[in-house]
Amino acid sequence: MVDITIICVGKLKESFYKEAAAEYAKRLGGYCKLNLVELAEQKLPKNPALGEIQVALEKEGEAIRAKIPPNSSVVALAIEGRERSSEELAELISTWSHSAAKHLVFVIGGSYGLHPSVKAGAWATLSMSPMTFPHHLARIMLLEQIYRAFKIQEGSDYHK
């Protein structure tokens, strides 16, 4: 069974997000060992200066890097990342599962994204869409797509 970790900056607060995340985590239990890691988002003033954002991203980046297990392949979610179809994500996960890496780690940044060092150290980058979504919704979308990827790999009719 593969080990998948999702590192998220920010904690789910709304019950509908928590319920959706719990449902997909339960569904994924039959396909992988899933570890969800929530990190605190750095506090910023209402209209932060660019320098304040950069400092916050660096601190979040340090916290993210500290939680990445050794021998991991990292997939950074970033708006400038590559958009992939569900089938392409299933192939990416399949390719990874045949590699020497022990962990597949997906990283979701906070409302200002990810520090460049996190993206630079990633095995792959992934964009959900050119549209903007709340990072909490991105977590649910990612969980569903990982579940869908496993269903595609098994040939299920879940993916039509």
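Me: What makes something a pocket here?

Reply: On a 1 Å grid over the protein atoms alone, a pocket is an open set of points with protein on both sides within 12 Å along at least five of seven lines, and its lining residues have an atom within 4 Å of a point. One thing to keep in mind: this is a predicted model, where local features need pLDDT of at least 70 and side-chain atom pairs count only at pLDDT 80 or more, while totals for chains, interfaces and linings use all residues. Residues are numbered from 1 along each chain as its sequence is written, and side-chain values use heavy atoms, with hydrogens and water left out.

Me: Okay, so which residues line the second largest pocket?

Reply: Gly10, Lys11, Lys13, Glu14, Leu39, Ala40, Glu41, Lys43, His135 and His136 do. The space in there is about 220 Å³, a volume being the space filled by probe spheres set on the grid points, which are joined across faces, edges and corners.

Me: How do you know how many of those lining residues are charged?

Reply: Asp, Glu, Lys and Arg count as charged, Ala, Val, Leu, Ile, Met, Phe, Trp, Tyr, Cys and Pro as nonpolar, and the others, Gly among them, as polar. By that rule the lining has five charged, three polar and two nonpolar residues.

Me: And what is the largest pocket like?

Reply: Its volume is about 460 Å³. Its lining has 21 residues, with Leu77, Ala78, Ile79, Gly113 and Phe133 nearest the centre. Eleven are nonpolar, eight polar and two charged. The largest share, four residues, comes from β3.

Me: Why is β3 called a strand that pairs with β4?

Reply: Strands are DSSP runs of E with at least two residues, helices are runs of H or I with at least four, and both are numbered from the N terminus. Two strands pair if DSSP finds at least two bridges between them. β3 and β4 (residues 103-108) have six bridges, in the parallel sense, so they pair. The open sheet of five strands runs β2-β1-β4-β3-β5.

Me: What makes β2 and β5 edge strands?

Reply: Each pairs on one side only.

Me: What makes a group of residues a nonpolar core?

Reply: The members must be buried Ala, Val, Leu, Ile, Met, Phe, Trp, Tyr or Cys, joined through side-chain atoms within 4.5 Å. Buried means under 20% relative accessible area with a 1.4 Å probe, protein chains only. The largest core here has 30 residues, and among those with the most contacts inside it are Ile4, Phe106 and Phe150. Helix α5 gives the most to this core, seven residues.

Key. On a 1 Å grid over the protein atoms alone, a cavity is a set of points where a 1.4 Å probe fits but cannot get out, and a pocket is an open set with protein on both sides within 12 Å along at least five of seven lines; lining residues have an atom within 4 Å of a point. Buried means under 20% relative accessible area, exposed over 50%, partly exposed in between (1.4 Å probe, protein chains only).
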